[in-house]
Amino acid sequence: MSQPRSRITEGQPFPLGATWDGLGVNFALFSAHATKVELCLFDAEGKQEIERIELPEYTDEIWHGYLPDAHPGQVYGYRVHGPYEPEAGHRFNPNKLLIDPYAKQLVGKLKWSEALFGYEIGHPDGDLSFDKRDSAPFVPKSKVIDPAYTWGRHRSERVAWDKTVLYEAHLRGLTMRHPAVPEEKRGTFAGLMNAEVIRHIRKLGVSSVELLPVHAFVNDQHLLEKGMNNYWGYNSIAFFAPHPHYLASGHINEFKEMAAHLHDAGLELILDVVYNHTAEGNELGPTLSMRGIDNASYYRLMPDDKRFYINDSGTGNTLDLSHPCVLQMVTDSLRYWATEMGADGFRFDLATILARAHDGYDERHSFLVACRQDPVLSKVKLIAEPWDCGPGGYQVGGFPPGWAEWNDKFRDNVRAFWKGDEGQLAELASRLTASGDLYNQRGRRPFTSVNFVTAHDGFTLNDLVSYNDKHNEDNDENNQDGSNNNLSWNHGVEGPSDDPEIVELRFRQMRNFMATLLLSQGTPMLVAGDEFARTQHGNNNAYCQDSEIGWIDWNLGEQGKQLQAFVTRLIELRMSYPILRRGRFFVGAYNEELGVKDVTWLSPNGEEMTEENWHDPHARCLGMLLDGRAQPTGIRRSGADATLLLVINAHHDVVNFRMPEVAQGSHWTCLLDTNRANNEEHEDTFAFGSEFTVTHRSLLLFELNKEKTAGSDS
């Protein structure tokens, strides 16, 4: 290594990270307990360390220096000196090259080696020992970027919550088998900006693409040894850098171009983000970044023995967002992706952790407060996965105003209902109306409930109706991984079937699930590929399946095409009838002033449900009457929406349903019937008091035809 030749000056303690100003680069790194920080410069490929420079200044716990010789493209890393005292929470080891937590781009891949660990593997003292090997040859390096990018006429999409339909997708899995995407672009940001891919998403009618993690992440050693990898990416190591493997061009502007293409098509971009932990794991994990920069500040440690980590995430460690600089890093990251990279919102993995104080979950935690008052973050979509494995970790309904939440109660109840389980009807009424029992408080709106039947974690929609049990043997974990509580039903045969009756019933059930999801109040979320019945062959935990198991097969059969057309029709109906996506909760109370109920629950005899009906464990048929005259907003006036009737029958046999009589109407027209596989618009009409034979396990939507009034031309 040559002697230092760069003209280092003091620089500034802000902004954190490596910042190019057109003349040079300012480097700033937070560490409250370090004694010295060395900036290491590498060649363009990150293979050879060419210079090591001590940062000259330390201001307010920030180490900083300015390098006028540096410019965009400069590859670098840090070596941080300080005490190696695991019992006190300190794990400094300057032999380990560290990734800048604020790095905007990474160079190179992680190569697993014993040199990555701060202690000597196999030493009798375990992690209390000290390893002197240099980790630089094995760790990704940070790279200085030129942030300049001309968005031109581009503007971020801001889709109203009531018009939001989420489309959860894995960036790589979405395009790896898409015939219109060139091979060299498959599985990358460039692949997603392909015109045919975007055309499919837009034609489907969804509003927002929600991508599984795209922050730079680490592939676990044990998975690589088995020929697999951390496909889902919930193992972040750099919260500002896109995952290098997803950049076909090698340049971060590729992500911005993808965002521009999505926005140009009228689509929002939502990012699934993982700020609850990092890839450094527990006390036996590698030293890659924050552990070596300031372990005691970045991570939550056991109060009585700081050698060990609090593991609320279930992955070995937990970031400590109660520390102001860690909180700043996370909010800086969110603002960066929202302002510089074009994201329109975020879904937070294990979000309860982010709001956990030392005495448990706190809805006034500094992170939640910061998001609500921040001028950028308060305006983007914020979606919580409101649970984790820590104490008090299940917080569905417990997040403050301004947040939407994944609603697993919707998933479980809807699955159980269509499977035919007893005693599901009363809860179903709540789930169809945006789970007001959970969210109708403090001015929260129905959009708060993010409804889903499937997600990336669990069975696909096809597998939900094709398998009673998980089949995760390909994960090489003896089928012990993944949930056993799937509430699934194979309809008589485990896996694929040639029996036409079973196949027909499975597709009808898929239509039932999709119709229930998209005709319910709240914010619906679909999983990419479910619209045409993709399968993972019974694997309900494809986190390590960067293979045809995890990739979407775009070779659609006729039934897959019919299902896709059916889902498109459902979304069209949702958008055409505002009453299906109202901004106020339906409560079922009689409005004396208007003389109507917003929602009326009907038994098959056409009469209003009684307490006895609600508590009948064998009841599986329900009518939901949404009166378009009900008050649509807080203003005391009558509504003018269409009046709709949703009829749901999970019985194994037909049910005769008496069509209700409604004031200001003449008859009912059927808009949708899940018993019909094709997608034609229905013109069937039904008189008040007539009996409609509802097919077993099916769902129907009717519209009230209003009576003609004097002077009306219609």
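Begin by selecting residues 187-574, which the unreviewed UniProt entry annotates as "domain: Glycosyl hydrolase family 13 catalytic"; UniProt positions are given in the numbering used here, feature names are shortened, and annotations may be inferred rather than shown by experiment. This is a predicted model, in which local features need pLDDT of at least 70 and side-chain atom pairs count only at pLDDT 80 or more, while totals for chains, interfaces and linings use all residues. Residues are numbered from 1 along each chain as its sequence is written, and side-chain values use heavy atoms, with hydrogens and water left out.

The span 187-574 is 34% helix and 13% strand, and its end C-alpha atoms lie 31 Å apart. Helices (H or I, at least four residues) and strands (E, at least two) are DSSP runs, numbered from the N terminus.

Next, select strand 22, residues 381-384. Which of its residues point one way, and which the other? Lys-381 and Ile-383 share one direction, Leu-382 and Ala-384 take the other, and all are buried (under 20% relative accessible area, 1.4 Å probe, protein chains only). In a regular strand the side chains alternate between the two faces of the sheet.

Strand 19 (residues 345-348) pairs with strand 22 in the parallel sense over 4 bridges, with Gly-345 opposite Lys-381. Strand 23 (residues 404-407) is also parallel to strand 22, over 2 bridges, and there Ala-404 stands opposite Ile-383.

Conventions
Buried means under 20% relative accessible area, exposed over 50%, partly exposed in between (1.4 Å probe, protein chains only). Two strands pair if DSSP finds at least two bridges between them.
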